[in-house]
Protein chains: 4
Amino acid sequence: MSNTLSNPDIIRVLPPHGWIELESHNGSDLDVVNAAKVSFAKHSTEFGKEENGVLKFLMRERHGSPFEHNYFKFHVRAPIFVIREWQRHRIGSYNEESGRYVELRPDFYTPDEARIQKGKPGAYTFTKGSLLQTDQLLRTVDSANKSAFKRYQHLIKAGIAKEQARIVLPNNIYSEFYFSCNARSLMNFLSLRMDESAMYEIRMYANAMFELWRGVMPSTAKAFTETGRIAP
Amino acid sequence: MSNTLSNPDIIRVLPPHGWIELESHNGSDLDVVNAAKVSFAKHSTEFGKEENGVLKFLMRERHGSPFEHNYFKFHVRAPIFVIREWQRHRIGSYNEESGRYVELRPDFYTPDEARIQKGKPGAYTFTKGSLLQTDQLLRTVDSANKSAFKRYQHLIKAGIAKEQARIVLPNNIYSEFYFSCNARSLMNFLSLRMDESAMYEIRMYANAMFELWRGVMPSTAKAFTETGRIAP
Amino acid sequence: MSNTLSNPDIIRVLPPHGWIELESHNGSDLDVVNAAKVSFAKHSTEFGKEENGVLKFLMRERHGSPFEHNYFKFHVRAPIFVIREWQRHRIGSYNEESGRYVELRPDFYTPDEARIQKGKPGAYTFTKGSLLQTDQLLRTVDSANKSAFKRYQHLIKAGIAKEQARIVLPNNIYSEFYFSCNARSLMNFLSLRMDESAMYEIRMYANAMFELWRGVMPSTAKAFTETGRIAP
Amino acid sequence: MSNTLSNPDIIRVLPPHGWIELESHNGSDLDVVNAAKVSFAKHSTEFGKEENGVLKFLMRERHGSPFEHNYFKFHVRAPIFVIREWQRHRIGSYNEESGRYVELRPDFYTPDEARIQKGKPGAYTFTKGSLLQTDQLLRTVDSANKSAFKRYQHLIKAGIAKEQARIVLPNNIYSEFYFSCNARSLMNFLSLRMDESAMYEIRMYANAMFELWRGVMPSTAKAFTETGRIAP
């Protein structure tokens, strides 16, 4: 049985088109501890102080496998250039909207402000662009969105296959997908994507994902944060 | 939140010491269909005839990824020679009782009857042994169990580390573990381990696992059976 | 030591910008057989008739693991909409050119002819478009490429971060990546991507990949073809 | 093409019956760097000072994926209680000798000296046992080996299936397997199994594996050691 979740489990990210929903989940802080305790043929029925100690020990010593016995299914709407980074994470399950099968909606991501990139590979820093740069970016992206979608519609109307027409669409168009994973894989994602070196846009999704996950496994999320977000 | 399951979700296998419990699960036949339908930006709210058609199509055409958005956590007690085969399945999560950490219990698997192996590699068949053979097997296994455990206890009492003492214990001693996986991985397990070429003992666990899984995803289990148990 | 491969191991795909190179590899038909024979504590030193029989048996019976002890490293240049499908294959290793780090080159994929999509989901067929449709497609894609790249350059010149500028670029721009996998994973890829239901463009890469692989493991490739390209 | 390796690539472990051989491999320190450099559309043809700097940066910052484009195939003979720990590592490929198919050889592991376990779970320490304890252990293990194998042979002679007869054999019997993996997975193995908290017997295999790997990727092995053997 799927635990369908209502509004509190949806967070808007990169609005107005983006969001992430924790659609279903299974598992708790206590389950982590009991997965570890099976090594000792022991079992806890409540999550108390001792259990929290075990959990923190597992996190600190990077005993990862007990964090795998749980399940999180996210439903996500994000721009393709974000999804491209996301789907490089291999420990998890994906199903995504396909531009081969459906006509895509004219939902594009337009940044709020321009960013300036400094430094060398491996040590980039980003600062806020000038008002002029932001203005240029916004206008350029906006006109790019419009002209690309116009071309797409033109090709669709001409009877050309959707899978061909969509190749003119830019990487900031939104797509939608399911992502299922366990907490260990999730923490690996968060350790990389909440990091300040991560791209701003995926960081926003990672932050939201962290909040949704924290609602289900608060002690694990706390231990993860306290250990410096190093995935066990 | 974990859906803790009561007695109907435990099946005895290789009694008196063996069993398998579906301790928790998440996901349904409908979730499979909706994972597939995201490709078309569609969603069903009920599992009806059309949804069953989609599910059967996915199974037949071996579109496997929609079967991954679900979760099954099994708690198992089985002999080590069974676990050795089990843990070769890599798409899933394991935590197991450790003979390094705890003193093992004197629970050993003794077969009901002797088997005779015929044929050549890749095409073995097994038939029932004679009463004499069964008698020999049972007596031999029984004395092996007893003398091995006696040696184990002797070493433990002598103050020798558990991890050294346990090396004298035979492969038919029971151990206990958690196994978490999704339905796609589960079907892969079942396709290999319910097969008549699979070892009898693991087949008993696979059959029980199938029953427990069928209780949660009846239409998927039906489609899987009808397609000849070929994992999608 | 890497076996660097020369020109015969590069195949042009979706020219003029696309190609796939088998940059390095390790393993042979014989290695498949010996991985299987370790079950019997046996070993062959030459690949003869008996070994080919074993190989065909493994393929037919879908004993997959012996096909994993080998290594293929491909270097690929392909349009992003192809890479998006490719990187959904999780059993393998990827490293890719990043639009966050480098300015992208103005290499875009323009189809040779228009396609018309018919049928319903799960049973699409594609036919050649009319000359008019092809003309419309080519002119539209060409102007899309040019205007998108102009916008990209404009943003880069304005000092905006590459990771922001690139979001206006369409999905038919080329990127470059390494893909390493073993023959089992490769066959899984080929079974799905050489299929006539696969998208034309990825099929071209799959066909080239098959040729490169066949040069290294001819008997495995033959058995795979004869079994109807069902991945073991 | 498989690089078959001669004697220097075999190391005896837990003699006289145990060993590990690096039977084949592909990939180098330079390949790691070039997998990373594809992000920048760059390529090095020689491994010099700059390349070593990149490699150390990748290791330190835990950018793991560039370490995956290489291949190591090990052939191993080890006791089952070691193999049980080994095969819990899921990122890699295994094929193993099967007691269902062949009669097992009377090769058993007997420790050199007794160990005493102190401390509590998660913080065990082991000290050398007394001469008396070692004597007790050696005599007990030796008699266990002999009586178990005698029972095994008795059952085999009685015509009972090998898969049943072998269940009386203890966990210190040797088995043989292939293990293929890439350097990232290998480092994960080494980080856990070279650690002083790892069981002595698997540590011996990990140490040998490290030496064999270091012969092929010396700079990667050096960087791994200098970073405290934290797998990237």
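Phe74(A) has Phe179(A) in β7(A) as its bridge partner, and the two strands concerned, β3 (residues 71–79) and β7 (residues 174–181) of chain A, pair in the antiparallel sense over 8 bridges. Strands count as paired if DSSP finds at least two bridges between them; strands (E, at least two residues) and helices (H or I, at least four) are DSSP runs, numbered from the N terminus.

This is a predicted model, in which local features need pLDDT of at least 70 and side-chain atom pairs pLDDT 80 or more, while totals for chains, interfaces and linings use all residues. Residues are numbered from 1 along each chain as its sequence is written, chains are lettered from A and ligands numbered from 1 in the order in which they are written, and side-chain values use heavy atoms, without hydrogens and water.

The antiparallel open sheet of chain A has 5 strands in the order β1-β2-β3-β7-β4. Because β1 (10–12) and β4 (93–96) of chain A each have a single partner strand, one side of each is left without a neighbour in the sheet.

| Item | Value |
|---|---|
| Buried area (accessible area, 1.4 Å probe, lost on being put together, summed over both parts) | about 4800 Å² |
| Salt bridges (Lys or Arg side-chain nitrogen within 4 Å of an Asp or Glu carboxyl oxygen) | 6 salt bridges |

In one salt bridge, the side chains of Arg84(C) and Glu96(A) meet at 2.8 Å, N to O.

Key. Buried area is the accessible area (1.4 Å probe) that two parts lose on being put together, summed over both.
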